[in-house]
Amino acid sequence: MLFMILSLFSPACLASATMPHSKLLLMLKLNFSTTWMQEIVPLILTGGDPASVETVPNWDRAPWLEQDRARVLNLEERPSPRILTTHFRYDMMTPSFLKVKPKVIYVMRNPKDVFTSSFHYHGMTSFLVEPGLQSDFLQTFLDGKVIFGSWFDHVKGWLSAGDRHPIMYISYEEMIMNLKDSVTKIGHFLNKSLDSEVVEKIAERCVFKNMKQNKMSNYSTVPCDIMDQEKSEFLRKGITGDWKNKLTVAEAETFDAVYNDKMKNVKFKFVWD
């Protein structure tokens with residue numbers, strides 16, 4: 001497979017990429033939602049073994065399809081099930097993905113919080129365009145002119161795939177509300193039976209304040225010229241509704257108008273609605 005660091009595959013590259021059988025693919029949206037699941041799933045698959053997240057950085061334990069790093073990890077040699085992570089839209093997935101049909105965990109989040117997280121993330125990374133004024137970046141976000149495109153198209157595309165692939169839909173908000181229940185549900189989806197003690201241990205380890213201390217997950221080992229955590233921590237708050245501290249009333253109303261128009265025909269019930 002050909003991988004490119006923080007870049008989209010060209011259609012030709014995607015068409016030639018292959019995906020081996022027995023691979024678990026995590027389809028995730030933005031920032032902490034991704035990092036959180038990269039922590040939870042390895043712990044579930046190992047029965048709560050802390051070594052699975054303490055000794056391997058998250059970008060190696062659940063490597064990104066869209067980064068060059070995945071190409072050098074010899075993923076084919078890893079025992080099944082193997083974990084992959086991506087921000088790709090459904091229409092970007094390879095023919096082999098459509099054929100193999102790996103299990104997918106798709107994590108959604110209130111798009112206003114996604115915007116807020118993205119604004120801070122763009123401001124602290126050197127490989128993304130500076131966000132500029134909040135009002136300008138908001139319009140850019142709503143227009144889908146950001147990496148991996150429109151939040152609305154991304155979510156609608158993966159929701160439409162639910163009748164063709166084994167997909168578990170879960171929200172960041174659900175995980176915040178009841179992490180132990182979420183861990184149990186994810187375990188069931190992965191056919192991994194966990195007793196209550198193991199669920200408790202995984203949930204406790206993955207609470208934001210605890211996970212934030214894990215150097216294998218908090219990106220503190222990444223050079224500051226790539227991710228400047230003096231500007232903004234990669235793992236900032238781990239809460240829901242932070243958009244209320246960021247968007248003005250007028251901006252929130254603009255966001256709602258676009259959201260209501262873009263999602264008017266979607267039947268899925270979102271926690272934040």
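User: Leaving aside its neighbours within four places in sequence, which residues is glutamine 134 in contact with?
Analyst: In this predicted model, glutamine 134 touches Phe115, Phe119, Lys246, Leu247, Thr248 and Glu251, once neighbours within four places in sequence are set aside.

User: Where is the place of glutamine 134, then?
Analyst: Glutamine 134 belongs to helix α7.

User: Is glutamine 134 buried or exposed?
Analyst: Glutamine 134 is buried, because its relative accessible area is 16% and buried means under 20%.

User: How many residues apart in sequence are glutamine 134 and glutamate 251?
Analyst: They are 117 residues apart in sequence, while their C-alpha atoms are 9.5 Å apart in space.

User: And how do the axes of α7 and α13 cross?
Analyst: The axes of α7 (residues 134-142) and α13 cross at roughly 5° and come within 11 Å. The two helices are therefore roughly parallel.

User: Which residues make that contact?
Analyst: Helix α7 contributes Gln134, Ser135, Leu138, Phe141 and Leu142, and α13 contributes Glu251, Thr254, Phe255 and Val258. By type, the contact residues comprise 5 nonpolar, 3 polar and 1 charged.

User: Turning to α13 itself, which of its residues are buried?
Analyst: Glu251, Ala252, Phe255 and Tyr259 are the buried residues of α13. They line one face of the helix, because they fall within an arc of 95° when seen down its axis.

User: What is exposed on the other side of α13?
Analyst: Val249, Glu253 and Asn260 are exposed there.

User: What should the 14 residues of α13 span?
Analyst: At 1.5 Å a residue, helix α13 (residues 249-262) should span 20 Å, and this agrees with its end C-alpha atoms being 20 Å apart.

Definitions and conventions. Residues numbered from 1 in each chain as written. Predicted model: local features only at pLDDT ≥ 70, side-chain atom pairs only at ≥ 80, totals over all residues. Heavy atoms only, no water. Helix = DSSP H or I, 4+ residues; strand = E, 2+ residues; numbered from the N terminus. Expected span 1.5 Å × (residues − 1). Buried < 20%, exposed > 50% of the residue type's maximum accessible area, 1.4 Å probe, protein only. Arc of directions from axis to C-beta. Axes fitted to C-alpha atoms, helices over the stretch in contact; angles between N-to-C directions. Parallel < 35°, antiparallel > 145°, perpendicular 65-115°, else oblique. Contact = heavy atoms within 4.5 Å. Nonpolar A, V, L, I, M, F, W, Y, C, P; charged D, E, K, R; others polar.
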